[in-house]
Structure formats: structure tokens, C-alpha cells
Amino acid sequence: MGRKVVKPLFDNPLHVGQLNFPNWEKAEKKFRKIFDNKYYTNHGPMVRELEEKLAEYLGVKHVVAMTNATIGLMIAAKALDVKGQIICPSFTFLATAQSLSWAGAKPFFCDVEIGSHCLDTQKVLDVVENNEIGGILGVHLWGNTCNVEELEKIARQKNIPLYFDAAHAFGCTRNGVKVGSFGSLEVFSFHATKILNAGEGGCVCTNDDFLAKRLRNIRSSYGAGEIVEIPFTGNGRMSEIQAAMALMSLEDIDFNITRNKNVHASYARYLGDIRGLKLLMPSSLDDINNFQYVVIEIDKNDFGMSRDSLVQCLVENNIMAKKYFAPPVHLIYPFYEDSELRTQMNVTNVLSEKLLQLPSGSFVDELCVEKICTLIGSLSSSGIL
Ligand SMILES: *Cc1c(COP(=O)(O)O)cnc(C)c1O
């Protein structure tokens, strides 16, 4: 006999992902402007306006808009001319590591810290002392930030570039400074699931004038300002439609961060004290976190159900929980074959087995959170205490 089919808790799927869209009246006006301008791409007026507004918001000198963050990371690696083995975490989205392969370099995977889930700087230090390393690519995970000061020290000592995948950290701060100007450059994603939504989109930020020119030349010669020598060009252009979406989303950024914060607080309230379940809090409570993700940690024995079984139950109820990042990147083809290009991955391996992400973003309100948490409580062995 098959399993009894029951009606899912939600009629429509609730996703992990922000899915912030502007209201239609506003969008219609903005899109009409593109039709009036008759300028659709090639560093158009809306892209230029977006780059200026982002530079002001992020407090960084140059913002180079890109068609998405994956292309942004690939172009960034070429603009920095990274070579050889580049340290990066394995506990990240596949594109972080693959951007290095695209650029002709190799990721050297380093374990992450228990608190922030970002690069473990002690292990980074060990790696640079004992290996030929050409650069460091950090990832600010879940809106937490890497230990930028320590990584900058290591990069300076070894005279290697340091840069960041900041796809999780738009609007976040470290010691009061907005993410966007750390290291040589930082890359943001404006994918629909991220807090700033251009449908597809991204940008690379830097305070370095020469690097900005290289980025603009590789992205395409449009808007380069000045032609500089680069190995080859690609096409990372952002269209006017994407820029219009991003500009509208930027206007809503404070509202959306506050909404996410409230949703996160609701999760904390309704989850209460379930044995074997922990809601992840930002690693620094003094800084701004965008709460782009709601992350929980499951201890199978105490909770009474494995992380994977819990995800399955949630998905059957149209709660489309995710398992980021399982498997971790160092265990994905072709990287698992290079077993010498990694540190011990104890923390990464444990996190990839324990974490899951719950729905958040514009379609999740307090009532949804209450229903999701009641279900999770009923599945646990202790219930909501
Ligand atoms: C989303 C994401 C990317 C890729 O962004 P796209 O704009 O979808 O290409 C890269 N790294 C991390 C950590 C991400 O979350």
C-alpha cells in the first residue's frame, strides 16, 4: 500500500527566497520610461543610475552592474588575474568555486567557523603557510560577515588578492561598515531569491580605480570610461529592464529588511524551545543582518527525526525547505577528486548534515510562520515546550 495522501498544509508552495516585487503601477511607470528612452541595453541610463545609487547606498567608489553574480564572480576573478590555488569555503553555493575554475584557477577548500559559518581564519593561515596560494575568496554567509580584518592581514602579508562573494549580504554591516568595500572587490547577486531583486542581476564593487576599469572592460567595452588591457572580454552587461527592477527594489530595501527581521523574530517566538532544534541567530547582534535566510539546525537524536526526513515532511506540505549546502562543494564532482586541495572539513561536513532553511520573503507572514512552526513542533519528539 502507498502512503496515505493528505492535503498539504499550504495550497501553494512557500519558497525559501525573497521574491520581492514592486507594485504594478510603479513598475508600469518605470518600464514606460524604458520604452520612451528607446534604450534597452549597453550601459543605458537606468544602469548608470543604478550604479550611482548603489555606490551611494553601499558607500563604495565603483559599482559595476552585471547580468548576474555568477558572471560577476567569473569576471572578478579575471579582473584580479587570480592564478593557481585560491582559498575559498566549500560551504557555499557551487558558483563560488566554479567561478575560479572558469578563470583557470583552482579552489583550495578551507573549513568554516562554527559561529559565523564563514572561513576559519586560523585554518586559512595554516593553508597559506604550507601551500602555494594565489588568493582568497571569502563568502559572507547568511548575512554574517567573514573575519575581514584577519583575512586582510593574511592577504597583505602574503601579497595575494582577497575578495568576497557577498550574495548573502546586501545591506549588511561589519563593525558598522556596509559590506561592499571590503577586500579588493565584492560581488552581489540580484537574483529573484535575494533581498534585492532584478529578476537576474548582480554587481561588483570596488574602491580601486584600475580594477574598476578592468571589470568594465571585461564586462564589455560599453561604459568602460577608459580602455585598459585585459586578456579577453565577455558579456556581463545588465539590461535596462533588469536595472529598472533593481532600482525599484532598492527603494524597498529598508522595508524588506525590517519585514525579514520581523519574520525571523516570529520564527523565534513560534518555534519556542523545541528540543534538538536551534534557530540560527546573526553572529554579531550589533551589526545589520538582512535576514535573507531563516536557518535552523536539527540534532537528529534530540529532535527525534533526521534533517532529511523533516525536509521531506515540510515539502509534502508545500513548505519548500532547502538543504543549503548539501552536499558541500568539496564533495561535488569534479572537486572531490582533488582531495589534497582542502583542509579538514569537520565543521563544513557537520553543518551540511544539520542545517535547513525555512520559507521567508514577501509571501511569508506571521500566520504562515505560526502554521509552519506548529507543524514542526508536532513532528518533534518533545513538541513545543
Ligand atoms: C545566489 C548566489 C550566487 C549566484 O548568484 P546569481 O546571481 O544567481 O548568479 C553566488 N554565490 C552565492 C553565495 C549565492 O547565494
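Begin by selecting Phe325, which is found in the loop between strand S13 (319-320) and helix H12 (346-354); helices (H or I, at least four residues) and strands (E, at least two) are DSSP runs, numbered from the N terminus. The model on screen is a predicted one, in which local features need pLDDT of at least 70 and side-chain atom pairs count only at pLDDT 80 or more, while totals for chains, interfaces and linings use all residues. Residues are numbered from 1 along each chain as its sequence is written, and side-chain values use heavy atoms, with hydrogens and water left out.

As background, most peptide bonds are trans, and most residues other than glycine have a negative phi.

**Two positive phi values**

Select Asn42 next, in the loop between helix H1 (24-37) and helix H2 (45-58). The phi of Asn42 is near 65°, a positive value in a residue other than glycine. Asn42 counts as partly exposed because its relative accessibility is 22%, where buried means under 20% relative accessible area, exposed over 50%, and partly exposed in between (1.4 Å probe, protein chains only).

From there go to Asp81, in the loop between helix H3 (69-79) and strand S3 (85-89). Asp81 has a positive phi of about 55° although it is not a glycine, and Asp81 counts as partly exposed because its relative accessibility is 38%.

**The ligand**

Now centre the view on the ligand, which sits in the largest pocket. A pocket here is found on a 1 Å grid over the protein atoms alone, as an open set of points with protein on both sides within 12 Å along at least five of seven lines, and a molecule sits in a pocket if more than half of its atoms lie within 2 Å of its grid points.

Which residues come nearest to the ligand? Of the 13 residues around the ligand, they are Ala69, Thr70, Asp165, Ser189 and Lys194, and a residue is near a molecule if one of its heavy atoms lies within 4 Å of it. The shell around the ligand divides into three nonpolar, eight polar and two charged residues; Ala, Val, Leu, Ile, Met, Phe, Trp, Tyr, Cys and Pro count as nonpolar, Asp, Glu, Lys and Arg as charged, and the others, Gly among them, as polar.

Show the side chains of Thr70, Ser189 and His168 in turn. A polar side-chain atom of Thr70 lies 2.6 Å from an oxygen atom of the ligand, the corresponding distance for Ser189 is 2.7 Å, and for His168 a polar side-chain atom lies 3.0 Å from an oxygen atom of the ligand; a polar contact is a pair of N or O atoms within 3.5 Å. The protein covers 92% of the 380 Å² of accessible area that the ligand has on its own, with accessible areas taken from the Shrake-Rupley method with a 1.4 Å probe.

**A buried arginine**

Select Arg216, which lies in helix H7 (residues 209-219). Arg216 counts as buried because its relative accessibility is 11%.

**Distances across the fold**

Finish with pairs of C-alpha atoms. Val6 lies in the segment before strand S1 (14-15) and is exposed because its relative accessible area is 53%; Val6 and Glu316 are 310 residues apart in sequence and 9.0 Å apart in space, C-alpha to C-alpha.

Lys278, in strand S11 (residues 277-279), counts as partly exposed because its relative accessibility is 49%. Draw the distance from Lys278 to Lys323, 45 residues apart along the chain, and the C-alpha atoms are separated by 15 Å.

Leu151 belongs to helix H6 (residues 148-158), and Leu151 is buried, with a relative accessible area of 0%. Between Leu151 and Gln357 there are 28 Å in space, C-alpha to C-alpha, for a pair 206 residues apart in sequence.

Terms used:
Polar contact = N/O pair within 3.5 Å; in protein donor to acceptor, adjacent residues only side chain to side chain. 1 Å grid on protein atoms, 1.4 Å probe; cavity = no way out; pocket = protein on both sides within 12 Å on 5 of 7 lines; lining within 4 Å.
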